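Work through the following exercises with the structure open beside you.

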Amino acid sequence: MGADSDHNNLMIKDVTIRFGGLIALNRISMEIKDGEIRGLIGPNGSGKTTMLNVISGIYRPVREDGGLVYFQGKDLLKLKPHEIAIIGIGRTFQNLCILKGMTVLENVLTGLHKTIGTGDFSFILSPRKTRSMEEQAKDKAFEILKFIRMDSYWNHIATDLSFGNQRLVELARTLVGNPTLLLLDEPAAGLSEAEVKLLHDLLKKIQQEKRATILLVEHVMDLVMEVSDIVTVFDFGAKIAENEPIEVKRDPKVIEAYFGKNEET
Amino acid sequence: MTFVNKSSLSKKIASISFFIIICALPFVVDRYVLYVINLIFINIIVCLGLNVLLGYGGQFAFSNAAFYGIGAYTSALLTTRLLIPYWLSIPIGAIFTAFIGLLIALPALRLKGVYLAIITIGFTHLTLWVFLHWVKVTHGGGGFEVPPLVLGVFAPPYEKDIYYITLAIAILAVLFTYKLIRSKVGRALVAIRENEIVAQALAINITTYKMIAFTYSGLLAGISGGLFAILLRFCFPENFDLFQMVMQFAMIMVGGLGSVMGTLIGASIVTILPELLRGPFTAYMEILFGALLLFFTVFMPEGIFGFIKKKGWVKRESLCT
């Protein structure tokens, strides 16, 4: 179940995105296997977040440029953003996107929107079923809050929490929907060293226990290099490297992209 | 445990006695006071819809005054011209207005913030224009008289009759809105208000929920508009202009955006206040009213409910059961 011919979870082929004259993504192709943690790195403005936005349906390549994005055999370019979420692609955002005015529990419950399988007005037509659905949803939400060790905060207004904890709540809100592909946009940004360590363990745990595929955009190199199976490197909208972490670290092209050319040689 | 039981028991007693007082009011107060209380109930109904749309859903639309007018005109015209009884014409008016709300949602799906505000102002003006100039049907700028609602239980002048109807509908509207807000619909609306891209990433179809919000505000405005025409015993186009919209905004702002309890508080205060300022202060009424709104936007932007919630005097309204 869930895998197409090559057990690819995600298949991106020749995707180009332009903003006016700027080419944000230049004929990018990449394939991510089921259960893989893929690191996606590159200097600022190299197109990492744009890539996530293409996968989650916010940006769309224009037809003249061609390009394909398939997830478990489904054509993502034909789906609306919320439909992409429904078929199992969850994501977090670079700038914290905790829902204001909601408690931690309510934030996580919002992530269960598609799972609460009652109609929008079922609370009139079948109140008992609606109540039991809500109770089940709450159980699931608490389960995931325990998973990230945040259950004691369930009744706090989410935006009152520390930055690191808000990041965790956002992750929980995405995880609770059981995504098969998880797009994480700089989850470690602004976290303390201890929190990054926690995130590291969490990502491994998500891969093993939730069996989710993860596409991780991140600037914290230690984290990316430790958790990723494969690392892809973007620079100026082009893919310049794709290999195992150790190889990528040694790749002269990658070093040049990050530190510039060595003038002496 | 006994303490909890005691407090919930005293709460029950308090709410039952409050309910009895509300029900007995028509036999205690005079016609004018009864009229004002009726108006409060009607404003509660219309503002609940507006608060779902703006306070929860974040849709900054000026369409509610038009919905209110369409509800009033539809049911009043059906009754005066086609002799359809109120028990049928008010629901028809409400459903028709809800349908108009659904239609307005269609352009609103593509627009946000100030652009949505502008096209809905246009819609309210257009509706007013129709009330004024489609004379053959609407009687034009002079308005028209509306017969009273008669239950057949009380003797004339029928204020009691409409009182119990508005009371019952207001209670239903409050309960229904609470249920709506505590379901996945309420959470989806708040998610859309906070960030549409995040809402979509959480599998929320923003089209569906914006349509639900507009239709709901249309439905409640339609019902309350019909009741308003009967209460006034008159249907008059200028009752449904942009000032009506300002009054409704004032009610939910003073009470608290995104709160059912706040809607009750705001609708009550903003309905009563102009009445209190009548008499010696009539000349200054609008100035005082404007000053009040200024005060609330500057010092209490979260409204009275938000303020007392911050003080810890009341509990926060939950978005889940």
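## Exercise 1: the domains of chain A

The centres of domain 1 of chain A and domain 2 of chain A, taken over C-alpha atoms, are separated by 26 Å. This is a predicted model, in which local features need pLDDT of at least 70 and side-chain atom pairs count only at pLDDT 80 or more, while totals for chains, interfaces and linings use all residues. Residues are numbered from 1 along each chain as its sequence is written, and chains are lettered from A and ligands numbered from 1 in the order in which they are written.

Task: state the bounds of the two domains and describe the side of domain 1 that touches domain 2.

Solution. Step one is to read the bounds, which come from an automatic or database domain assignment: domain 1 of chain A covers 1-88 + 181-260, and domain 2 covers 99-178. Step two is to count contacts, where two residues are in contact if their C-beta atoms, placed from the backbone, lie within 7 Å; ten residues of domain 1 of chain A meet eight residues of domain 2 of chain A. Step three is to find the main contributor on the domain 1 side, and this is helix α7 (residues 193-210) of chain A, which gives the most, with four residues. Helices (H or I, at least four residues) and strands (E, at least two) are DSSP runs, numbered from the N terminus. By class, this side of domain 1 has six nonpolar, two polar and two charged residues, where Ala, Val, Leu, Ile, Met, Phe, Trp, Tyr, Cys and Pro count as nonpolar, Asp, Glu, Lys and Arg as charged, and the others, Gly among them, as polar.

## Exercise 2: the four-stranded sheet

Task: describe the pairing of the four-stranded open sheet of chain A and the hairpin formed by β1(A) and β2(A).

Solution. The order is β2-β1-β4-β5, and the pairing is antiparallel; β2 (22-33) and β5 (74-75) of chain A are the edge strands. Eight bridges link β1(A) with β2(A) in the antiparallel sense, and along them Ile17(A) stands opposite Leu25(A), while Asn8(A) stands opposite Lys33(A). The hairpin leaves two residues between these strands, and Gly20(A) in the turn has a positive phi of about 60°. On to β4(A): strand β1 (residues 8-19) is joined to β4 (residues 68-71) of chain A by four bridges, with Met11(A) partnered by Tyr70(A) and Leu10(A) by Phe71(A). Helix α1(A) lies across β1, β2 and β4 of chain A, at about 65° to β2(A).

## Exercise 3: where chain A touches chain B

Task: say how many residues each chain gives to the contact, and which elements of chain A take part.

Solution. Chain A gives 28 residues and chain B gives 23 residues. On the chain A side, the elements that give two or more residues are α2 (81-86), α3 (104-110) and α5 (127-147). By class, that side has twelve nonpolar, eight polar and eight charged residues.

Key. Two strands pair if DSSP finds at least two bridges between them. Axes are lines fitted to C-alpha atoms, for helices over the stretch in contact, and angles run from 0 to 180 degrees between N-to-C directions.
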